[in-house]
Amino acid sequence: MSNAQDSAPTSRREQILKEAARLFAERGFHGVGVDEIGAAVGISGPGLYRHFAGKDAMLAELLVGISERLLDGGRMRVAEGGESPEAVLHALIDGHIDFALDDRPLITLHDRELDRLREADRKRVRRLQRQYVELWVEVVRRVHPAPSESQARAAVHAVFGLLNSTPHLGRPGALPGRTEMAELLHRLALGAFGAAAGEAAADAAAGESMAAAVPGA
């Protein structure tokens, strides 16, 4: 998972990917040339081909890579969370918030450029994402049993939409600091799951009341 320590690239390959993500997010995939990516990391454009076959390969590694990282990080948090589903849910939320705050260019890239991947890579991203969603759904239903599986899944998608809104939240200086923003997003995510659970419980109670009011029910 992304965090303050691993957000700094540790190899030339990671430096290239970091700068490619930033430039692709700022100017679009077709608006950036190999020479510009090379200049951003201090090497010639042709020198990039020692690390990647081209821009398409960079984009694929960025989008497949972040999907793998999110899923692997989620599984690790579930494994390390112990017997408390509440603690696991808190850990999952914190992990996704780290991604949403520290890897904003990748969110923009996913939204804009996913369809540019080869079909096999795009399917791989979608498969990884489905596995990541289902991991969350299982944990959410342990914490909040009232929602149905489909309701829990819809709530997870809604929370992802909330957390992944960070690239659209305005200029960095207009927002709270990172710690305050992370705390706010965490509260909002918990509130969304709580609201979904409360609505499901209310619907169930209403259904039971109606059934009891019907003679012979």
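This is a predicted model: local features need pLDDT of at least 70, side-chain atom pairs count only at pLDDT 80 or more; totals for chains, interfaces and linings use all residues.
Helix α1 has 16 residues. From first C-alpha to last, α1 reaches 22 Å, close to the 22 Å expected at 1.5 Å a residue. Its buried residues are Ile 16, Leu 17, Glu 19, Ala 20, Ala 21, Leu 23, Phe 24 and Ala 25. Their cover includes α2, α3 and α5. Gly 28 follows α1, and its phi is positive, near 85 degrees.

The table leaves out residues up to four places away in sequence.

| Residue | Touches |
|---|---|
| Met 58 | Ile 16, Leu 17, Ala 20, Phe 24, Ile 37, Leu 48, Phe 52 |
| Leu 109 | Ala 21, Phe 24, Ala 25, Leu 59, Leu 62, Leu 63, Leu 114 |

Phe 24 is among the residues touched by Met 58 and among those touched by Leu 109.

Leu 109 lies in helix α5, residues 104-113. Leu 109 counts as buried because its relative accessible area is 0%, and the cut-off is under 20%. Leu 109 and Ala 25 are 84 residues apart in sequence. In space, their C-alpha atoms are 5.6 Å apart.

Technical notes: Residues are numbered from 1 along each chain as its sequence is written. Side-chain values use heavy atoms; hydrogens and water are left out. Helices (H or I, at least four residues) and strands (E, at least two) are DSSP runs, numbered from the N terminus. Buried means under 20% relative accessible area, exposed over 50%, partly exposed in between (1.4 Å probe, protein chains only). Contact means heavy atoms within 4.5 Å. The expected span of a helix is 1.5 Å times one less than its number of residues.
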